[in-house]
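Reader: I would like to learn how to read a model like this one, feature by feature. Could we go through it together?

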Amino acid sequence: MNDIDAWVWWLVGAAALGIPLVVTAMPEFGMLAVGAVAAAVVAGLGFGAVVQVVAFLVVSVALIAVVRPIAARHGRQSPRLATGVEALKGRQAVVLERVDGSGGRIKLAGEIWSARALDSGRAYEAGQEVDVVDIEGATAIVI
């Protein structure tokens, strides 16, 4: 064991941290692996064990403290370009056949859709403009 340099052990540790990164998809393991690579570089430059551990801790904690919140914020963002059904929510449509709580027809984005009023007591007559608030299957929910 004494014949193997410290930097090799740090690289082995970095590789070992890469395994749970791949298996669990937790980016924190990757950040710890980068810290271990930094410690391997410090060990390769000839610094002692204390400096190696400090380098590992500083780089790992810095990555977790800085990169993790940025990644989490980007993960929570909704896409800027709405596509599919999401793009139809909030659009206006024209009633073709009376729409009430039980059904009806509208023209939405150039296509004819079945529709239902959000408020079951409300009815919209042909020619009226309505707003699409949701899509349930192939039925637009309008107000």
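Reader: What share of the chain is helix and what share is strand over residues 85–142, and how far apart are the end C-alpha atoms?

Author: A word on the ground rules before I reply. This is a predicted model, in which local features need pLDDT of at least 70, side-chain atom pairs count only at pLDDT 80 or more, and totals for chains, interfaces and linings use all residues. Residues are numbered from 1 along each chain as its sequence is written, and side-chain values use heavy atoms, with hydrogens and water left out. Helices (H or I, at least four residues) and strands (E, at least two) are DSSP runs, numbered from the N terminus. Over residues 85–142 the chain is 59% strand and 7% helix, with 14 Å between the end C-alpha atoms.

Reader: Which UniProt annotation covers residues 85–142?

Author: UniProt positions are given in the numbering used here, feature names are shortened, and annotations may be inferred rather than shown by experiment. The unreviewed entry labels residues 85–142 "domain: NfeD-like C-terminal". For "transmembrane region", the unreviewed entry lists residues 6–23 and 30–47. In the model, residues 6–23 are 100% helix and 0% strand, with end C-alpha atoms 27 Å apart. Residues 30–47 are 83% helix and 0% strand, and there the end C-alpha atoms are 24 Å apart.

Reader: Which domains does the domain assignment give, and what distance separates their centres?

Author: Domain bounds come from an automatic or database domain assignment. Here that gives domain 1 (6–76) and domain 2 (85–142). Their centres, taken over C-alpha atoms, are separated by 54 Å.

Reader: Let's turn to the helices. At what angle do the axes of helix α1 and helix α2 cross?

Author: Axes are lines fitted to C-alpha atoms, for helices over the stretch in contact, and angles run from 0 to 180 degrees between N-to-C directions. The axes of α1 (residues 6–24) and α2 (residues 27–44) cross at roughly 170° and come within 8 Å. That makes α1 roughly antiparallel to α2, given that angles under 35 degrees count as roughly parallel, over 145 as roughly antiparallel, 65 to 115 as roughly perpendicular and the rest as oblique.

Reader: Which residues make the contact?

Author: Contact means heavy atoms within 4.5 Å. From α1 the contributors include Trp7, Trp10, Leu17 and Leu21, and from α2 they include Phe29, Leu32, Val37 and Ala40. By class, the contact has 17 nonpolar, 4 polar and no charged residues. In that scheme Ala, Val, Leu, Ile, Met, Phe, Trp, Tyr, Cys and Pro count as nonpolar, Asp, Glu, Lys and Arg as charged, and the others, Gly among them, as polar.

Reader: Now the strands. In what order do they close into a barrel?

Author: Two strands pair if DSSP finds at least two bridges between them. Here 5 strands close into a barrel in the order β1-β2-β3-β5-β4, with mixed pairing. From one strand to the next, the twist averages 50°.

Reader: Which strands pair in the parallel sense, and which run antiparallel?

Author: β3 and β5 pair in the parallel sense over 4 bridges, and Ser114 has Thr139 of β5 as its bridge partner. β1 (residues 92–100) runs antiparallel to β2 (residues 103–108), joined by 4 bridges. β2 is likewise antiparallel to β3 (residues 111–117), again through 4 bridges, with Arg105 opposite Ser114. β4 (residues 129–136) and β5 (residues 139–142) are antiparallel over 4 bridges. Finally, 3 bridges join β1 to β4 in the antiparallel sense, where Val94 is partnered with Glu129.

Reader: Where do residues in the hairpins take a positive phi?

Author: Ala109, in the turn of the β2 and β3 hairpin, has a positive phi of about 55°. Gly137, in the hairpin of β4 and β5, takes a positive phi near 65°.
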